[in-house]
Amino acid sequence: MIYEGRLLKMRTQLDKPVKYFLPVNDDMIYLNEHLGKDVSLEFTGKINCIRCGAATSKSFNQGYCYKCFKTAPENDESVFNPELSKSQFGISRDMEWAEEHDLIDHYVYLSITSGIKVGVTRHHQIPTRWIDQGAMYAISIAKTPNRHIAGIIESYLKQHIADKTNWRNMLKDNLKEDVDLIDEKKRIVSLLHPELQKYALKDSQITEIVYPGDYVPDNVASVTFDKEKTIEGKLMRIKGQYLIFQDDTVLNIRKHAGYHVMFKV
Ligand SMILES: [Zn+2]
């Protein structure tokens, strides 16, 4: 089968294991059924912005043209640093967008990706956010009415816990430490200022995420369409937004959102 068109980040469904779908134009390719098979992705040389659709020779922040990168609310500083969100004061690149994306319930969570990390996500992005980052376990620790407050909690907790994932270790299932997320949640919440503690969640449900494919690479080598026209191999595993091939090359699909490809299975 050949599918041709614009890639978008993989869609997922929490299941054991997670179900992965690759959007190529209007097709949704169910990838789990291609595990253990040869697949090939060939870049056609065309990139379209995932927001405005304009042709662009280079993609910024995982799929945007330069103009959207500089002006669209999806690329505002508060997306990367939630504590900088000012929508609660009516200040945003686009208030209509902010009403739907910033001024809604957010969660602060702990997840185990490579090590334990803290993060912030919009309520409807659970568990998508956790799957996209390749977390194996995650727990929500606080629920806030907007992005700003979640960001304040996160930026405080960053002094005690990492907020970044080592993607190589994540792909190698290389967990740095064995942590009890419930204990860690209690510890972390106790560190918060009482004003922030009121957002803490009582519920302590851990979500376990199992990724499709048993293969674990020894050493990962990242490949990109910016350097190679064709990326192919036997698909052994899918984790986060990465396809992992038998020769231990890994392809970050999200990074190539907006790229046009021919996908062959
Ligand atoms: Zn654009």
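The following questions and answers walk through a predicted model of a single chain.

Reader: How many helices and strands does the secondary structure of the chain come to?
Author: This is a predicted model, and its secondary structure is made up of both helices and strands. Counted over the chain, these come to 8 helices and 14 strands.

Reader: What radius of gyration does the chain have, and why is it called as compact as a globular protein of that length?
Author: The C-alpha atoms fill a box of roughly 55 × 40 × 25 Å along the principal axes. For 265 residues the globule rule gives 18 Å, and the value for the chain is close to this, so the chain is as compact as a globular protein of that length, with a radius of gyration of 19 Å.

Reader: Is isoleucine 104 buried or exposed?
Author: Isoleucine 104 lies in the loop between helix H3 (95-101) and strand E6 (106-112), and, leaving out residues up to four places away in sequence, it touches residues including Glu99, Arg122, His124 and Pro145. Because a residue counts as buried when its relative accessible area is under 20%, and isoleucine 104 has a value of 15%, the answer for isoleucine 104 is buried.

Reader: How many Å apart in space are isoleucine 104 and arginine 147?
Author: Arginine 147 is among the residues that isoleucine 104 touches, although the two are 43 residues apart in sequence. From C-alpha to C-alpha, the separation of isoleucine 104 and arginine 147 in space is 7.2 Å.

Reader: What distance separates the C-alpha atoms of threonine 12 and glutamate 42?
Author: Threonine 12 lies in strand E2 (residues 11-13), and its contacts, apart from neighbours within four places in sequence, are Val18, Lys19, Tyr20, Thr128 and Ile131. Glutamate 42 is 30 residues from threonine 12 along the chain, and the distance between their C-alpha atoms is 23 Å.

Note on methods
Residues numbered from 1 in each chain as written. Predicted model: local features only at pLDDT ≥ 70, side-chain atom pairs only at ≥ 80, totals over all residues. Heavy atoms only, no water. Helix = DSSP H or I, 4+ residues; strand = E, 2+ residues; numbered from the N terminus. Rg over C-alpha atoms; globule rule 2.2 N^0.38 Å. Buried < 20%, exposed > 50% of the residue type's maximum accessible area, 1.4 Å probe, protein only. Contact = heavy atoms within 4.5 Å.
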